[in-house]
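Hi,

Here is the structure I promised to pass on to you. Have a look at it first, and my notes follow below.

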Amino acid sequence: MSAEPLSPEPLTPAGPRHVALIMDGNGRWAEARGLPRAIGHREGVQALKRTIEAAPKLGIRCLTVFGFSTENWQRPADEVSDLMGLVRTYVGSDLKRLEKAGVRLRVLGRREGLPDDIAKIVDKAEASTAHNDKFILQVAFNYGGRADIVDAARRYVARVQAGEAVEPLDETTLGAGLSTAGGPPVDVIVRTSGEYRLSNFLLWEAAYAELIYQDILWPDYGPEALADVVEQFRSRDRRFGGRPAAKAAV
């Protein structure tokens, strides 16, 4: 699951390299229009396509989106089935386009529990785009931040029990076992739909990420909303726990 660092390229000054998105509001978007929730999810896929296309133009090199959480299995069976169907449709229709555009697709989260055909689709998509380095798209699917940390700890313990020579357990060694390992640090986490919580998304990676909340239902998302994220990020004073830099005398 690890990814090689991207080759350096000029970025928009002070812009975020890695944006993570909690794509929220599909159901409410549909309900407000008297439509089935499934239509909201399908429109959400179109919003994702628009956002992926816009990201590189704004200097973003990596986009991580929350597609399906470990808690989403508790939703009604027909809604879960429709979401799985969207994965089949999206990968089937867009994989070639992503390959040609130089996008590397990574899927974060547990493979266990996924339908067999979905697991095979995920593996194929990762393998066929593994050589790409223009842009990274990470989809958190069957993912939970707490579960990912637990899984990383279990991997470390398993290596110790197997008699491997391992480094002492610290932030570096534990972080290397996360499904996000090898990708660029998360600069900003965005939640749409006017909600103000992380909902178990990228808990470890959120340590020093900027948080931005937008009152936009996900199916309405697109380039303008993402550009607003970039502008808000540029205005932040990121200190990472240290003192602010001294200002020059006027």
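How do the residues of the lining of the largest cavity divide into nonpolar, polar and charged? There are 2 nonpolar, 4 polar and 3 charged ones, where Ala, Val, Leu, Ile, Met, Phe, Trp, Tyr, Cys and Pro count as nonpolar, Asp, Glu, Lys and Arg as charged, and the others, Gly among them, as polar.

Before the rest, a word on the source. This is a predicted model, in which local features need pLDDT of at least 70 and side-chain atom pairs count only at pLDDT 80 or more, while totals for chains, interfaces and linings use all residues. Residues are numbered from 1 along each chain as its sequence is written, and side-chain values use heavy atoms, with hydrogens and water left out.

**The cavity**

The structure holds 1 cavity of 30 Å³ or more. On a 1 Å grid over the protein atoms alone, a cavity is a set of points where a 1.4 Å probe fits but cannot get out, a pocket is an open set with protein on both sides within 12 Å along at least five of seven lines, and lining residues have an atom within 4 Å of a point. Points are joined across faces, edges and corners, and a volume is the space filled by probe spheres set on them. Among the residues lining the largest cavity are Thr70, Arg110, Tyr143 and Asp148. Helix H5 (145-161) gives the largest share of this lining, 3 residues. Helices (H or I, at least four residues) and strands (E, at least two) are DSSP runs, numbered from the N terminus.

The largest pocket has a volume of about 780 Å³. It is lined by 34 residues, and Met23, Phe66, Gly67, Phe68 and Leu83 are the closest to its centre. Elements that give two or more residues to this lining include helix H3 (77-100), strand S3 (103-108) and strand S4 (135-143). By class, the pocket lining has 19 nonpolar, 9 polar and 6 charged residues.

**The sheet**

S3 and S4 also belong to an open sheet of 6 strands, in the order S3-S4-S2-S1-S5-S6, with parallel pairing (two strands pair if DSSP finds at least two bridges between them). S3 and strand S6 (210-213) stand at the edges with a single partner strand each, so one side of each has no neighbour in the sheet. S3 is joined to S4 by 6 bridges, and leucine 105 stands opposite leucine 137 in S4.

Happy browsing!
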